[in-house]
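Dear colleague,

Please find the structure below.

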Amino acid sequence: MQALVIVAHGSHLNPDASTPTYEHADTVRAAGVFDEVRTAFWKEEPSFREVLRTLESEEVYVVPLFISEGYFTEQVIPRELRLDDWDVAEWDSDGTSATHSTLEAGDVEKTVHYCGPVGTHDAMSDVIVRRAETVTDDPDVGEGFGLAVVGHGTERNENSAKAIEYHAERIGEMGRFDEVKALFMDEDPEIDDVTDFFESDDIVVVPLFVADGYHTQEDIPEDMGLTDDYRTGWETPAEVDGHRIWYAGAVGTEALTADVIIERAADAGADVGNAIEEIRRRTRVAGADGASVGD
Amino acid sequence: MPTARAWGTDVNDTQLDALVAAAAEGVDCDGLQVAESEAGYTFALPEETHEGLDESELRERATENPWFVSNWHYWTERGRPDAETAYLRWLEGADDRPVPERYEALADGGIEASWGELAIEIGLGDDGDRTYTLCHEDDANADTAALDVHTDPLEARELVKHDDRGRYRPLKTAPTLPTGWAFLDLDGRALARTVDIVYPATVANWHLERQGDLDISNWTETMERQTGIYGVIETWDRGEGHEHVNWVAEACCADSQCLKRREWEYDDDTDLDVDGGDGAFPCREPCSLVIAAARQWTKLEGEQPKTYEFELTPSEKEQIEDIIDAVADGEADDIREADVYEGANRYRTRFLRAKRFDEEGNLCGVPTDDEEN
């Protein structure tokens, strides 16, 4: 038997923090390739400490629903899961290239395949693009559009900025959008001046965050000038300095994120059959009618 | 094909075939014993033994005792994990109640069990199977037509997220489980899954405890493990006793706050002085809420006490105590608007504030810090 465990931050205060995690778990569950699909949280239950003991499977694929490599993926999660032989060197990562590591957990007789975070997987670039399609309701969005990938910046973790830049560069290389930039909340180039960085009239802004919360629903919309007060909401697109800003909200809420979770597990050796293709097809929102032709 | 009836229970061919197949290795379950030897099959119940049977005689005896046979099949032939089997058996008292008594109870209104605030009713399904119903204990006698009915365990995730007052429940084992819903017609697997969503990992830890294998992590080792913003908590332990941890446990871990039974102590040699509670399922280490609160207390408790002088009437002093009690016991919202006889009544409290706070919000005009600061 093989299990998939999605580990995420969760919240003591925000009831919606766990929602994307649950939704992605449901998408993976519906694909039917894991005997068990579970979620575990740093701030909610089951905790990282106690999730493994609730599983029947001997092979467990643990995928962190985190944006970047850093404190949580390198220290907190392995420690709390009791992956006693964990050594961050095993990931041999440059900050965005961690794949997986196979370990034993100290409290259960199971093999744990500990995967790199969702946010740094190559397929996350596709989720960012898909997010742009969803917010513009245009499956071919790109021409005439700029794309801003937004993150925290380096204040707390230098890998956080690396992940943003990594995806911005990859999407830029796709040649799909007229311009692609990495912008940050707490360092230059700053999201406050978003319109200064783009020539395109239309700019899609996708924050590389797991869940919507304070940063994505309060800070960033106000910083960009979408609204003076987040509580009154904003238009999509919103007019700012002669540009149209299509603000997408947290990328982690995009249904295709479930695909990245499965890909992480597949990279670590999980047998996932054709679930990757299946999820890519089923999670499409924009142009969904066209995509279903020939199904 | 059904072959016999007793209190509505049939033995089906699957169960009979499985029993015959299992005889070679021997069957021993809740009073039913079946064995195979060169002399033929043996079929034994607590008060009768039949030896030297051929296969058709074995099938006949089995068919005449559908409760024992279906009971054996239910508990041994379903491929359940050990913890789940132990839990489901415990719920119906399988280790203590003989099969006939248990089946009579299952058939006659069902067996009631409880787990935290959950009421679980176990009824008899087809062919001696079980069917489980799950709801809040306050709804145990409610007409299910009046409840929001579910059958998919995953739906419990949203159901238990907020309490009946609409407030987010960050602690799943807080005694604030909402009412008004029921899961009907669950099989054993779905029952265990639903319980694990309502009260995560409680069955696994309960089972480990019964096996004598619960891995308890006491306060000191849990706090030593913390890093990042929680790394500061271990500095709260200064080798000056564990009274502060008593206060934490009294504040957070009492049954009025959490239904888990606290099994962790200060350290391997030092038990806490407050009660761990009476819950069915254990708490094996300080949870994330305790840790987050302890971080705040570590900061606050780093302050030195000072002497303040306030002028209050005796009733005002008691009123402040009433307000603290009402907030600590979660009763502030229950005090009626016009009940001015309660110290924590809103009008009474507003009067106290109007009279005793200065413009900066200082009680009796006494500044928190010295003027020169």
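Asp241(A) is exposed, as 11 other C-beta atoms lie within 10 Å. Asp241(A) has a phi near 50°, a positive value in a residue other than glycine. Its place is the loop between strand E9 (238-240) and strand E10 (243-247) of chain A. Helices (H or I, at least four residues) and strands (E, at least two) are DSSP runs, numbered from the N terminus.

The model is predicted: local features need pLDDT of at least 70, side-chain atom pairs count only at pLDDT 80 or more, and totals for chains, interfaces and linings use all residues. Residues are numbered from 1 along each chain as its sequence is written, while chains are lettered from A and ligands numbered from 1 in the order in which they are written.

In chain B, Asp30(B) also has a positive phi, near 50°. Asp30(B) sits in the loop between strand E1 (27-29) and strand E2 (32-37) and is partly exposed, with 18 other C-beta atoms within 10 Å.

Most residues other than glycine have a negative phi, and most peptide bonds are trans. In chain A, the bond from Glu45(A) to Pro46(A) is cis, with omega near 0°; Pro46(A) belongs to the loop between strand E2 (36-41) and helix H2 (48-51). The bond from Asp188(A) to Pro189(A) is cis, with omega near -10°, and Pro189(A) is in the loop between strand E7 (179-184) and strand E8 (202-207).

Yours sincerely

How values were computed:
A residue is buried if 20 or more other C-beta atoms lie within 10 Å of its own, exposed if 12 or fewer, and partly exposed in between; C-beta atoms are placed from the backbone.
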